[in-house]
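This briefing concerns the structure displayed below. It covers charged pairs, a pocket and a nonpolar core.

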Amino acid sequence: MRPSLMYEIKQVELAVRALMDEVLRPTGVTALQYTALTVLARRDGLTSAELARNSFVTAQTMTDMVGALERRELIVRTQDPAHGRRLLISLTDKGRTFLEEHAAAFAAIEEQMVSRLSKEERTSLHDMLNRCRAALADH
C-alpha cells in the first residue's frame, strides 16, 4: 500500500528542513527565522501577526522570533504612521545581505529537490501545490 500524499509531502518537508538547518546552523538563525526573513523580502512592512500568518507560525512563536531577529539586527520595527499603535517589521540592510549570502545555498537545495523532474513537471508541481494550498485556505 502506498503512503498517503500528506505523508509524502511531510517527508519532503522534513528533508528540506534538515538541509536548511545544515546551511543555517553556523549562522545561529533557525529555518523558521529564515522563512520569516524571506517573507519580509517579498512583503516588507508587516505587523507581527501578519508575519506569523505568512510564515506559518503562531503569534507567540513570532513574538519570540521577532525579538531574536531584531537583536541580530536583521529586522527593525517601526511605528506605522497610519496607526500609531501598530509596529511594522522590515528587513534591515544586514537582513537583506544575510538573505543574499544564503540565496545560492537555498537555490541549490531547491534544484536538488526537483532535479529528477522535467521543466514541465516543475511548472506543474508549482501549479498543483498552489492549488492544494488554495483549496485548504478555503476551509
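**Charged pairs, pocket and core**

Aspartate 21 counts as partly exposed, at 26% relative accessibility. The model is a predicted one.

**Salt bridges**

- Aspartate 21 pairs with arginine 17 in a salt bridge whose closest N and O atoms are 3.6 Å apart. Both residues belong to helix α1, where they are four residues apart, about one turn of the helix. Arginine 17 is likewise partly exposed, at 34%.
- Arginine 122 and glutamate 111 form a salt bridge at 3.0 Å, N to O. This pair links distant parts of the chain, with arginine 122 in helix α6 and glutamate 111 in helix α5.
- Arginine 131 and aspartate 127 meet at 2.9 Å, N to O; about one helical turn of α6 separates them. Arginine 131 is exposed, at 53%, whereas aspartate 127 is partly exposed, at 38%.

**Largest pocket**

- The largest pocket holds about 2200 Å³ of space.
- Its lining has 34 residues, with Glu13, Val16, Phe56, Met113 and Leu129 nearest the centre.
- By class, the lining comprises 20 nonpolar, six polar and eight charged residues.

**Largest nonpolar core**

- This core contains 25 residues, and those with the most contacts inside it include Tyr34, Leu51 and Phe98.
- Helix α2 supplies the largest share, six residues.
- Leucine 51 touches, among others, Ala36, Leu46, Met62 and Ile89, leaving aside residues up to four places away in sequence.

Notes:
Residues are numbered from 1 along each chain as its sequence is written. This is a predicted model: local features need pLDDT of at least 70, side-chain atom pairs count only at pLDDT 80 or more; totals for chains, interfaces and linings use all residues. Side-chain values use heavy atoms; hydrogens and water are left out. On a 1 Å grid over the protein atoms alone, a cavity is a set of points where a 1.4 Å probe fits but cannot get out, and a pocket is an open set with protein on both sides within 12 Å along at least five of seven lines; lining residues have an atom within 4 Å of a point. Grid points are joined across faces, edges and corners, and a volume is the space filled by probe spheres set on the points. Ala, Val, Leu, Ile, Met, Phe, Trp, Tyr, Cys and Pro count as nonpolar, Asp, Glu, Lys and Arg as charged, and the others, Gly among them, as polar. A nonpolar core is a set of buried Ala, Val, Leu, Ile, Met, Phe, Trp, Tyr and Cys residues joined through side-chain atoms within 4.5 Å. Buried means under 20% relative accessible area, exposed over 50%, partly exposed in between (1.4 Å probe, protein chains only). Helices (H or I, at least four residues) and strands (E, at least two) are DSSP runs, numbered from the N terminus. Contact means heavy atoms within 4.5 Å. A salt bridge is a side-chain nitrogen of Lys or Arg within 4 Å of a carboxyl oxygen of Asp or Glu.
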